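Please look over the sequence and the structure shown here. The report below goes through a few of the contacts and pairings in turn.

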Amino acid sequence: AATPTSPLPLAAPFFFSSSFPNTPATMSIKLAYFDIAGRGLPLRLALHLGDQQFTDERIQFAEWPAKKATMPLGQLPVADIDGQQFTQMTALLRYFGRKGGLYPDTLDQLKIDELIEIVNEVIAAVPKGKGKDPEVLKQERLAFVENSLRPALAFVDKRIKGYGKKFAVSDSITIADLIVAFLVTGLSSGLYDHIDPKITEEYAALTAASNAFNADPKVAKYFESHKN
């Protein structure tokens, strides 16, 4: 009779180990961005809400010319993770969100990603003002509000209302709430001439989700000691 094949020895349970190379339990994270909200705020909040220790490097505008050449692509934000530099707000937001339990591996992930892409598209489409005739900029911004911004805000508002949760897509905070915060703080900053800084207040579900986020104890604690 054939001898049964012996099972693999239990002394080497490679596939059952929770420790893999290059995935240390703790990582050294330094996040570099200007001392403003902008694209840095969602990342700072993701790290704070996910209880991830990090160095919050806030670069002053006067320092930027000397530091620009040290940053990949010459732009911010940049995260230095165990000595490696990484760029792109959304990529970093998803990574920090996944590590901090703010980016669930369910259908909610698709809901989150949809909102992220919409917000990124609409913010990127804001007409730039540098070197442009003021009247031309005004007309471009007014057209942008009616043709791009309002439809995007209405869609986001409809989605949030349809999900019917406490926060943007869930009854717990996700990185969707951080991207909504990025949208609302950006538009309400007053930095965009000819765009009403209170425009997001016209959308009830979006405003309710934003207010719930700001009222969360852990979020409120962050803003007790950080302006952005």
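## Contacts of Asn120

Leaving aside residues up to four places away in sequence, Asn120 touches Arg39, Met89, Thr90, Ile179 and Phe182. The model is a predicted one. Asn120 belongs to helix H4, which covers residues 107-124.

Is Asn120 buried or exposed? Its relative accessibility is 17%, and the cut-off for buried is under 20%, so Asn120 counts as buried.

## Helices H3 and H4

Two packed helices are described by the angle between their axes and the distance between the axes. For helix H3 (residues 89-99) and H4, the packing angle is about 155 degrees and the axes lie 12 Å apart. Angles over 145 degrees count as roughly antiparallel, and H3 is therefore roughly antiparallel to H4. The crossing of H3 with H4 is right-handed.

Which residues meet where H3 and H4 are in contact? From H3 come Met89, Thr90 and Arg94, and from H4 come Asp113, Ile116, Glu117 and Asn120. Of the residues in this contact of H3 with H4, two are nonpolar, two are polar and three are charged.

Strands of a sheet pair through backbone hydrogen bonds, either parallel or antiparallel. In this model four strands form an open sheet, and their order is S2-S1-S3-S4. The pairing in the sheet is mixed. Strand S2 (55-59) and S4 are the edge strands, each pairing on one side only. From one strand to the next, the twist averages 20 degrees.

Strand S3 (residues 78-81) and strand S4 (residues 84-87) run antiparallel and are joined by four bridges. Which residue of S4 is the bridge partner of Ile81? That partner is Gln84. Val78 stands opposite Thr87, which is also in S4.

Two residues lie between the strands of this hairpin. Asp82, in the hairpin of S3 and S4, takes a positive phi near 50 degrees.

Key: Residues are numbered from 1 along each chain as its sequence is written. This is a predicted model: local features need pLDDT of at least 70, side-chain atom pairs count only at pLDDT 80 or more; totals for chains, interfaces and linings use all residues. Side-chain values use heavy atoms; hydrogens and water are left out. Buried means under 20% relative accessible area, exposed over 50%, partly exposed in between (1.4 Å probe, protein chains only). Contact means heavy atoms within 4.5 Å. Axes are lines fitted to C-alpha atoms, for helices over the stretch in contact, and angles run from 0 to 180 degrees between N-to-C directions. Angles under 35 degrees count as roughly parallel, over 145 as roughly antiparallel, 65 to 115 as roughly perpendicular and the rest as oblique. A crossing is left-handed if the near helix is turned anticlockwise from the far one by less than a right angle, and right-handed if clockwise. Ala, Val, Leu, Ile, Met, Phe, Trp, Tyr, Cys and Pro count as nonpolar, Asp, Glu, Lys and Arg as charged, and the others, Gly among them, as polar. Two strands pair if DSSP finds at least two bridges between them.
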